[in-house]
Amino acid sequence: MIKQSLIINWAEAIFEIAKEKNKVKEYCEILSELLEIFKENAEAIEFIANRNILLETRLKFIDLIFANKIEAELLNTLKLLVERNYFGSIIYILSEAIKKIYEQLEIQNGVIYSTQKLDDKLIKKIEKKIELKINQKIKLENKIDNNLLAGIRIEVLNKKYDFSLKGKIEDMKSIILTNRN
């Protein structure tokens, strides 16, 4: 992995491109999709970052996958990361760029824990309900928690919303103990 300062510099450069083109929201969506693609395909990162493979081959691979699918500036940024041998840190760079965009758009990050991957439509629905509750825009990332038996748990803005079976049992336990006295 490259130094944190380089990650921040690359993220800042991507953010500045988004601002210059007046496409901050669009870039946020594209960067989020790229992040998911690379998180789910670590072998692609390994291939693209592998210095033993000809640079030309790795750049063609980037073109093959992303040409005509993402903005030319983002495509060129990916290629530049390959050329400078920083592509191994792409997940960190994209995450930092998204974080900067969220700050600009005043969106808070949160996590929704579940026993299995949730549908994007359901996540959007839950985001809307929580946004109304806390009066703040949020973006929830779905993470699998094998300790949950059923339901979901949400963490955003240092608050926890527990809609899991375990949470319901804890609530019932608390009520019983309170009413005992």
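Which residues form a positive surface patch?

Mentor: The model is predicted, so local features need pLDDT of at least 70 and side-chain atom pairs count only at pLDDT 80 or more, while totals for chains, interfaces and linings use all residues. Residues are numbered from 1 along each chain as its sequence is written, and side-chain values use heavy atoms, with hydrogens and water left out.

The positive patch is formed by K25, K124, K128 and K137. Patches are made of residues with over 30% relative accessible area and no salt bridge, like charges being joined within 9 Å and nonpolar side chains (Val, Leu, Ile, Met, Phe, Trp, Tyr) within 5 Å. Accessible areas come from the Shrake-Rupley method with a 1.4 Å probe, and for residues only the protein chains shown count as cover. Lys and Arg count as positive and Asp and Glu as negative, whereas His and the chain ends are not counted. The place of a charge is NZ of Lys, CZ of Arg, CG of Asp or CD of Glu. A salt bridge is a side-chain nitrogen of Lys or Arg within 4 Å of a carboxyl oxygen of Asp or Glu.

K25 has a relative accessible area of 52% and is exposed, where exposed means over 50%, buried under 20%, and partly exposed in between (1.4 Å probe, protein chains only).

The surface also carries a nonpolar patch of about 300 Å², made by L149, L165 and I169. I169 sits in helix α8, residues 165-180, and is partly exposed at 45% relative accessibility.

Other charged side chains are paired, and the whole structure has 10 salt bridges. In one of them, K79 meets D63 with the closest N and O atoms 2.9 Å apart. This pair links distant parts of the chain, 16 residues apart: K79 is in helix α5 (residues 72-83) and D63 in helix α4 (residues 55-66). K79 is buried at 17% relative accessibility, whereas D63 is partly exposed at 29%.

R153 has a salt bridge with D145, their closest N and O atoms being 3.0 Å apart, and another with E155 at 3.5 Å, N to O. D145 is buried at 12% relative accessibility, and R153 is buried at 17%.

Definitions and conventions. Helix = DSSP H or I, 4+ residues; strand = E, 2+ residues; numbered from the N terminus.
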